[in-house]
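Subject: Structure handover

Dear colleague,

Here is the structure for you to take over. My notes on it come after the sequence and coordinates.

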Amino acid sequence: MDAILLQILNGLDKGGAYALIALGLTLIFGTLGVVNFAHGALFMLGAFCAVSLRELLTLSMKVKDESITFFEAYKEVPYLEVWFGDTGTMIIDMAVPLSILFAIPVMLLIGLAMERGLIQHFYKRTHAEQILVTFGLAIVLQEIVKAYFGANPIPQPAPEAVAGSADIGALFGLGDSVVYPWWRLVYLAFSGLVIAAVFAFLQFTTFGMVVRAGMQDRETVGLLGINIQRRFTIVFGIAAVVAGLAGVMYTPILPPDYHIGMDFLVLSFVVVVVGGMGSLGGAVAAGFLLGILQSFASMNEVKSILPGIDQIIIYLVAVVILLVRPRGLMGRKGVMEG
């Protein structure tokens with residue numbers, strides 16, 4: 001029972017990342033009809049927003065080391081600690097959560113620039129051409145990040161208050177032997193919060209209602225005098241923010257490198273297809289479902305019977321679902337079917 005609970009939690013937090021990326025992909029496909037292979041790069045750029053802010057907060061100066069008395073020695077101390085003491089230390093410790101505030105405007109600007117500068121010229125092109133150009137853009141962004149930050153992963157510590165593990169066994173009546181990293185629970189809660197915020201935005205705001213109407217019938221909404229294209233451009237920016245925030249909060253779980261976005265992108269596309277192209281609810285449901293299945297497939301007991309199953313389980317499930325239901329779990333007829 002303990003192992004099952006841990007695997008479900010492992011699957012949910014990884015599924016949260018899949019769901020957030022797939023949600024952005026689906027928003028872009030549902031509004032603009034663009035298959036955005038650069039979406040994983042937005043996840044990566046979000047992660048490097050966290051890296052950049054930490055580097056900014058830890059800019060240091062040389063200060064005399066008073067603990068060494070035999071000769072003069074100096075050590076590097078962050079400016080924030082020199083200027084603000086314990087408050088500066090606390091700000092540095094909270095670098096990852098604070099990166100959310102930094103990443104939102106940065107990712108929104110990147111998303112809008114990407115859509116206006118490149119994507120809009122490929123609206124009427126085939127999906128194959130869209131994939132080629134966005135994949136090329138992703139490679140360019142990867143190489144820029146690699147040239148600036150290097151190829152090695154850059155660890156990003158979680159805040160000290162949530163750096164340990166939570167005793168979750170007691171919550172489920174399983175004793176005190178089941179513990180789980182606090183930050184993974186934070187990430188799971190954060191994923192649910194962002195997903196709920198996106199759905200509430202689309203469901204309960206006038207802007208969201210117009211966007212949903214435009215996703216159903218773009219021409220009719222345009223005939224009402226509404227600039228639906230401008231709203232779809234903003235939706236592209238929102239999708240970029242969602243992917244970026246997913247990347248920011250994932251950095252304490254997996255140290256980011258220039259390739260992290262591509263690793264998640266391929267699996268997230270499978271999630272989108274399984275959930276149903278254009279279905280926001282399907283993308284979220286498929287993200288968590290496939291995350292949990294992948295987690296169980298990674299158990300040693302399962303791998304001893306079926307070696308390598310953890311690497312292919314998502315694709316096997318995708319094949320089965322698409323054979324039974326070509327439109328995906330919650331997709332609309334006509335998107336994946338003839």
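The notes below cover conventions, a loop residue, aromatic pairs and a surface patch.

This is a predicted model, in which local features need pLDDT of at least 70 and side-chain atom pairs count only at pLDDT 80 or more, while totals for chains, interfaces and linings use all residues. Residues are numbered from 1 along each chain as its sequence is written, and side-chain values use heavy atoms, with hydrogens and water left out.

The loop residue is Asn 36, placed between α1 (2–32) and α2 (39–57); helices are DSSP runs of H or I with at least four residues, numbered from the N terminus. Asn 36 has a relative accessible area of 1% and is therefore buried (buried is under 20%, exposed over 50%, partly exposed in between, with a 1.4 Å probe and protein chains only). Its side chain reaches the backbone nitrogen of Ala 38 at 3.1 Å. Leaving aside residues up to four places away in sequence, Asn 36 touches Leu 25, Ile 28, Leu 42, Thr 134, Phe 236, Leu 265 and Phe 269 (contact means heavy atoms within 4.5 Å).

On aromatics, the whole structure holds 12 pairs (ring centres of Phe, Tyr or Trp, the last by its six-membered ring, within 6.5 Å; planes under 30 degrees apart are stacked, over 60 edge-to-face, the rest tilted). Phe 43 and Phe 264 make a tilted pair, 4.9 Å centre to centre with 40 degrees between the planes. Phe 43 belongs to helix α2 and Phe 264 to helix α11 (residues 260–275), so this pair ties together parts 221 residues apart in sequence. Both Phe 43 and Phe 264 are buried.

Phe 48 and Phe 149 also form a tilted pair, at 4.8 Å between centres and 40 degrees between planes. Here helix α2, with Phe 48, is linked to helix α6 (residues 127–149), with Phe 149, across 101 residues. Phe 48 is buried because its relative accessible area is 3%. Ring pairs also join Tyr 18, Phe 43, Tyr 187, Tyr 250 and Phe 264 into a cluster.

On the surface, Leu 56, Leu 59, Tyr 79, Val 82, Trp 83 and Phe 84 form a nonpolar patch with about 620 Å² of accessible area together (nonpolar side chains, Val, Leu, Ile, Met, Phe, Trp or Tyr, joined within 5 Å, from residues with over 30% relative accessible area and no salt bridge; a salt bridge is a Lys or Arg side-chain nitrogen within 4 Å of an Asp or Glu carboxyl oxygen; areas are Shrake-Rupley with a 1.4 Å probe, and for residues only the protein chains shown count as cover). Helix α3 (residues 79–84) gives the largest share, 4 residues. Tyr 79 lies in helix α3 and, at 31% relative accessibility, counts as partly exposed.

Regards

Technical notes. Patch = residues over 30% accessible without salt bridge, like charges linked within 9 Å, V, L, I, M, F, W, Y side chains within 5 Å. Helix = DSSP H or I, 4+ residues; strand = E, 2+ residues; numbered from the N terminus. Polar contact = N/O pair within 3.5 Å; in protein donor to acceptor, adjacent residues only side chain to side chain.
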